[in-house]
Amino acid sequence: MSPYANRIARTPAPTLDTPSELSDKGKNMKKLFVLFPLFFTLLPALVWASPPVPFSGKVAIGGVNYFGQAKFAFAIHDANGTVHWRTGATANDAITVNVANGRYVVLLGGQGMNPLPASLFADHDELYIKVSFDNNDGKGLRHLAPDQRITAVPYALSAETAKMADSAKTVENSSITTAQLNEQILKYLKPEITVAPQAPGLFFSGQTISLTSQAQGKFLTYQWRKDGQPIAGATNSTITIADFNGSQHNGNYTLVVTNDFGSVTTQATNLQVDATPTSHTVASIGMEMIFCPPGTFTMGSPASEANRGTDETQHQVTLTSGFYLGKYEVTQAQYETVMTGNPEGLNAKPSEWPNNDNRPVEKVSWDDAQIFLTRLHQSEQTAGRLPTGWKYALPTEAQWEYACRAGTTTVFSWGNSATSTQANFKGTHPYGGGASGPNLQQTTDVGQYGDNPWGFFDMHGNVWEWVYDWKANFSGGAQTNPEGPASGSLRVIRGSSWTTDGT
């Protein structure tokens with residue numbers, strides 16, 4: 001059987017103006033526009049007063065949606081102008097309402113207003129609603145024309161098309177059926193978070209980070225906060241931070257979602273740049289792993305003999321996510337711990353030299369390695385030791401070589417020649433002019449030779465190592481996170497083994 005082993009990896013899987021800006025713009029605007037969409041309610045019979053009716057409107061000053069608090073007065077009158085209901089005792093009695101992006105929602109007959117007469121819509125066939133508005137500019141309440149006609153339909157109220165001051169533009173209200181009524185009313189209530197923001201796993205200085213949340217509700221506004229303080233301009237459901245910098249951006253991020261019925265705040269999401277532990281131990285098998293940060297390197301070596309990979313030419317490769325890689329090749333003891341009792345009937349001690357716990361397991365196919373990884377992943381996940389978005393897998397070929405080179409540019413991490421005193425291969429045939437050395441003709445315990453600059457052992461020699469990719473030649477040019485072709489006939493092995501000639 002071929003002397004193949006595996007080394008595993010753990011990999012992570014339009015802006016609104018601020019209230020102050022809009023308020024300042026409003027001071028110089030002279031035209032006030034108002035849009036009225038549908039308002040409705042359930043109408044129970046035989047009551048002295050109707051329940052409050054949800055009513056939504058939109059205010060723009062000179063074409064700019066209003067943002068902030070304002071005073072509103074409402075009145076319902078007939079075709080002759082006779083008022084049959086108003087907000088308070090007089091036409092100047094008003095309530096304070098929050099307006100966000102021009103939109104506001106009130107409960108006519110609620111929020112401290114006069115109750116709606118129970119027979120209002122039964123006694124009058126043609127009614128209109130009048131809205132007066134005061135944005136605290138010292139000019140008092142002003143009539144927002146035109147008044148809108150409202151009609152009674154079963155279990156609902158309906159407003160006609162709202163016309164803006166520019167007669168060439170109209171806004172039509174969507175129709176609503178009685179079956180939709182309850183659902184529509186619910187959309188006017190306090191927002192509800194449906195998707196909470198999640199930290200994107202590991203990240204480093206200079207990366208672009210995005211947090212996204214979703215909420216259910218009507219006429220929602222958003223405000224992201226860092227450590228409790230509003231972030232200027234961060235008024236969408238997603239916040240994107242380019243060129244993340246720890247000193248400026250580290251902290252706890254929350255999103256406040258608001259409408260006129262209340263607000264809700266997401267749980268805090270902590271972002272810490274470069275906060276990744278440099279090592280990790282797989283508790284169930286005592287496997288040590290080393291973290292490899294994102295980076296760019298030159299992959300491929302035109303003269304390397306210790307390589308059965310896919311790359312025949314050098315090219316630039318960028319890895320955008322960090323990953324952990326086993327410090328050593330998987331040992332017989334680690335493999336046996338995971339594979340004992342496996343339902344596939346695979347040998348839990350597949351080695352030419354079994355019962356050597358610290359030697360690498362070397363009689364393992366690529367498919368065997370997948371079963372090992374699945375069982376390990378499930379074990380660690382069940383024990384609650386595997387963070388969300390992470391998995392145990394074979395490294396891609398690019399990840400393997402990135403860790404093997406460890407920032408160097410020579411054929412081997414230690415230089416351009418090799419002798420079997422530096423790695424376990426056929427020492428009678430040194431590579432690149434290196435001196436002759438011993439030929440052990442068998443595996444050795446892992447970690448018996450020197451490590452590379454990042455602390456990995458046996459990246460060259462001892463046993464060949466499986467990687468994720470199908471074998472194929474890389475195309476020229478720079479690549480980002482390459483994973484090889486989608487299919488093929490052979491999987492890639494990297495490194496070399498005790499059976500390998502150096503020439």
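# Notebook: helices, cores and cysteines

I began with helix H7 and listed its buried residues, which are Glu397, Ala398, Gln399, Trp400, Glu401, Tyr402, Ala403, Cys404 and Arg405. I note here that I am working from a predicted model. Nine of the nine residues of H7, which covers residues 397–405, are buried, so I take this helix to be largely enclosed by the rest of the structure. Just after H7 I looked at the backbone and found that Ala406 takes a positive phi of about 50°.

Next I turned to H6. Its buried residues are Trp366, Asp368, Ala369, Ile371, Phe372, Leu373, Leu376, His377 and Glu380. I then checked its length: at 1.5 Å a residue, the 17 residues of H6 should span 24 Å, and the end C-alpha atoms are 24 Å apart, which agrees. H6 too is followed by a residue with positive phi, in this case Gly384, where the angle is near 75°.

I then asked which residues of the largest nonpolar core touch the most other members. This core has 27 residues, and the ones I was looking for are Ile8, Phe372, Leu376 and Tyr392. Two or more residues come from each of strand S27 (287–292), helix H5 (332–339), helix H6 (366–382), strand S32 (390–393) and strand S33 (464–470). H6 gives the most to this core, with six residues. Apart from it I found another core, of 26 residues, which includes Val53, Ile61, Met113 and Val131.

For the cysteines, I searched for disulfides and the structure holds zero of them.

Last I examined strand S18, residues 209–212, and asked which of its residues lie on the covered face and which on the uncovered one. Ile209 and Leu211 make up the covered face, whereas Ser210 and Thr212 make up the uncovered one. Within S22, Thr240 is the bridge partner of Ser210, the latter being one of the residues on the uncovered face of S18.

How values were computed: Residues numbered from 1 in each chain as written. Predicted model: local features only at pLDDT ≥ 70, side-chain atom pairs only at ≥ 80, totals over all residues. Heavy atoms only, no water. Core = buried A, V, L, I, M, F, W, Y, C linked by side-chain atoms within 4.5 Å. Buried < 20%, exposed > 50% of the residue type's maximum accessible area, 1.4 Å probe, protein only. Helix = DSSP H or I, 4+ residues; strand = E, 2+ residues; numbered from the N terminus. Pairing = 2+ DSSP bridges. Disulfide = S-S within 2.5 Å. Expected span 1.5 Å × (residues − 1).
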